[in-house]
Amino acid sequence: MSSSIGKLFIVTTFGESHGAAIGAVVDGCPSGVPLCEADIQRQLDRRRPGQSLLTTSRNEADRVEILSGVDGRRTLGSPIGLLIRNADQRPADYKRLTGVPRPSHADLTYMLKYGVIASSGGGRASARETAARVAAGAVAEKFLAVRIKVRIVAWVSSVGEIDARDMTSNPPSREDVDAGDARCPDRAADRKMADEILRVKKAGDSVGGVVTCVCSGVPAGWGEPVFDKMGAMLGSAMLSIPAVKGFEMGSGFGGARMLGSRNNDMFVKKGGRIGTVTNRSGGVQGGITNGEPLVMRVAFKPTATIARAQKTVDFKGRPVKLEAAGRHDPCVVLRAVPVVEAMAAIVLADAALQAGGL
């Protein structure tokens, strides 16, 4: 079972949803980067459960401990160990489900592949694992910000049928994002999204959504022209996030409905470099960054666990009526915002090291 990502900036996560702890090891971060637990905690606080009525009621402080790789608030260049202890564990919530694969969860596929599944909460398939990604992503982001001045910001751009206005050409700040109940900087859309999430929660259901992410300050020349295209690496990282079912860059699937004359990005001189008038390529051409902001959208399915009884079968194929268990988000995109930012940072940190010169 692989739990690592990256070639030079390598992140390995560990731990299960209702185990003693989760965490990450970051190997390859250069020495001399200013780093302390507060740098990491800021992003973990944005992801942690129990933030509002719109999220899960699980109560985890998600306090990070730096175990290694940092001394005097500077990275040493050695592996950075990060630990997050689980406090609000309730494995008993899942005991009666041990013989029943939950609809749209990984229970069945894990059993078919490994012959065993975690006794509670989905184990490694649980979204709880993403806290470790956020911790590691904060390290990557600090390296990118200090050494290259890269800025990454993500926000909720859709919930169900509700869409926010396009803000990719003038991205909001994280403060603007967090000011909205649904983490949408379009205030009118944010109110509608919050109302919709509360509506489906009251109905015992769930709803999906889309997170948009913009990475500014990325130099031209990152990524490779064949298999390690920048879009391919970002897509692979984003699609590894639990509940993600779609990824696009720039004009994305909408570009398939355009004529080339409209979708093409015309070149123009911008100061001392050649840039583009529009950014329908999303900052990547031929798999290589072109110096424009990276623009991507990540689609999340509705939360698989809902507070409604569902007709399914157990592992022996016998019909059962499954009642909900555990505490889950009625819409995952609110807490997914820092997860998307983290995965973008991890990919870009790895690409930066592969590009060299740092």
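Q: Where in this structure is the place of Asn86?
A: Welcome! In this predicted model, Asn86 sits in the loop between strand S7 (80–85) and helix H2 (107–114).

Q: What makes the side chain of Asn86 and the backbone oxygen of Ser17 a polar contact?
A: The side chain of Asn86 reaches the backbone oxygen of Ser17 at 3.3 Å.

Q: Where is Met1, and how do you know whether Met1 is buried or exposed?
A: Met1 belongs to the segment before strand S1 (4–5). Its relative accessible area is 59%; exposed means over 50%, so Met1 is exposed.

Q: Which residues make a nonpolar surface patch?
A: The patch is made by Met1, Tyr114 and Val116, and its area is about 310 Å². A patch takes residues with over 30% relative accessible area, and Met1, at 59%, passes that cut-off.

Q: How many cavities of 30 Å³ or more are there?
A: The count comes to 2. The second largest cavity has a volume of about 30 Å³.

Q: Which residues line the second largest cavity, and what makes a residue part of the lining?
A: A lining residue has an atom within 4 Å of a point of the cavity. For the second largest cavity, these residues are Ala106, Asp107, Tyr110, Ile117, Ala118 and Gly122.

Q: Which element supplies the largest share of the lining of the second largest pocket?
A: That is S16, with 4 residues. Among the elements that each supply at least two residues are strand S8 (151–159), helix H7 (252–255) and strand S16 (294–300).

Q: Where does Val207 lie, and why is Val207 called buried or exposed?
A: Val207 lies in the loop between helix H5 (187–202) and S10. At 9%, its relative accessible area is under the 20% cut-off, so Val207 is buried. The C-alpha atoms of Val207 and Phe300 are separated by 9.1 Å, with the two residues 93 residues apart along the chain.

Key:
Residues numbered from 1 in each chain as written. Predicted model: local features only at pLDDT ≥ 70, side-chain atom pairs only at ≥ 80, totals over all residues. Heavy atoms only, no water. Polar contact = N/O pair within 3.5 Å; in protein donor to acceptor, adjacent residues only side chain to side chain. Patch = residues over 30% accessible without salt bridge, like charges linked within 9 Å, V, L, I, M, F, W, Y side chains within 5 Å. Areas by Shrake-Rupley, 256 points an atom, 1.4 Å probe, with all protein chains shown as cover. Salt bridge = Lys/Arg side-chain N within 4 Å of Asp/Glu carboxyl O. Buried < 20%, exposed > 50% of the residue type's maximum accessible area, 1.4 Å probe, protein only. 1 Å grid on protein atoms, 1.4 Å probe; cavity = no way out; pocket = protein on both sides within 12 Å on 5 of 7 lines; lining within 4 Å. Points joined across faces, edges and corners; volume = space filled by probe spheres on them.
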